[in-house]
Amino acid sequence: VLLVFQVRLVMKAHSFIRENVPRVLSSVKDKSSTVPIPRISQYLYFLFAPTLIYRDNYPRNPTIRWGYVATKFAQVLGSLFYAYYIFVRLCIPLFRNSSQETFNLRGLVLCIFNSILPGVLILFLVFFAFLHCWLNAFAEMLRFADRMFYK
């Protein structure tokens, strides 16, 4: 989790530098009186916005739909509880039984193949909870209006 967070911060810092350094260098080269340095508030908004592309201004919604935010956070909690349920009911009994037996290759392969489907379900739930629900909830709280980019 820490590594993913650090990679995200490095990608955002790269985007911020890539967008701002050419503008600053061109204004210094032209010897203009004003240097277009972004404000701290713009950078902080960019750190929390669900995008990796830095812009000085993003399209913003006029209001925050708090019901939508609550629904998305409820979906995150529901997804986490469902993933926990799958893990406890389908994965832990397999590995508990295999730890009590003597080691053999057949038992290991059966244990792995029996845990593939629950693992994939947990993976889908985690992706849904984070990439859809969590990021959409924060986009709504930040009034980030560019969520329909692909439409």
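**Exercise 1.** Which residue lies over the face of Tyr 68, and at what distance from the ring centre?

*Solution.* Start with the ground rules: this is a predicted model, where local features need pLDDT of at least 70, side-chain atom pairs count only at pLDDT 80 or more, and totals for chains, interfaces and linings use all residues. Residues are numbered from 1 along each chain as its sequence is written, and side-chain values use heavy atoms, with hydrogens and water left out. Next, the test: a charge sits over a ring if NZ of Lys or CZ of Arg is within 6 Å of the ring centre and within 35 degrees of the ring normal. Arg 65 is the one over Tyr 68, at 4.5 Å from the ring centre. Lys 12 has its charged end over the ring of Phe 46, 4.5 Å from the centre.

**Exercise 2.** Find how many aromatic pairs there are, then work through Tyr 58 and Phe 144.

*Solution.* Rings of Phe, Tyr and Trp (its six-membered ring) pair if their centres lie within 6.5 Å; planes under 30 degrees apart are stacked, over 60 edge-to-face, and the rest tilted. That gives 8 aromatic pairs. For Tyr 58 and Phe 144, the centres are 5.4 Å apart and the planes at 55°, so call this pair tilted. Both Tyr 58 and Phe 144 are buried (under 20% relative accessible area; exposed is over 50%, partly exposed in between; 1.4 Å probe, protein chains only).

**Exercise 3.** Classify the pair Trp 134 and Phe 138.

*Solution.* Centre to centre comes to 5.2 Å, with 50° between the planes: tilted again. Now check accessibility: Trp 134 is partly exposed at 35%, and Phe 138 is partly exposed at 25%.
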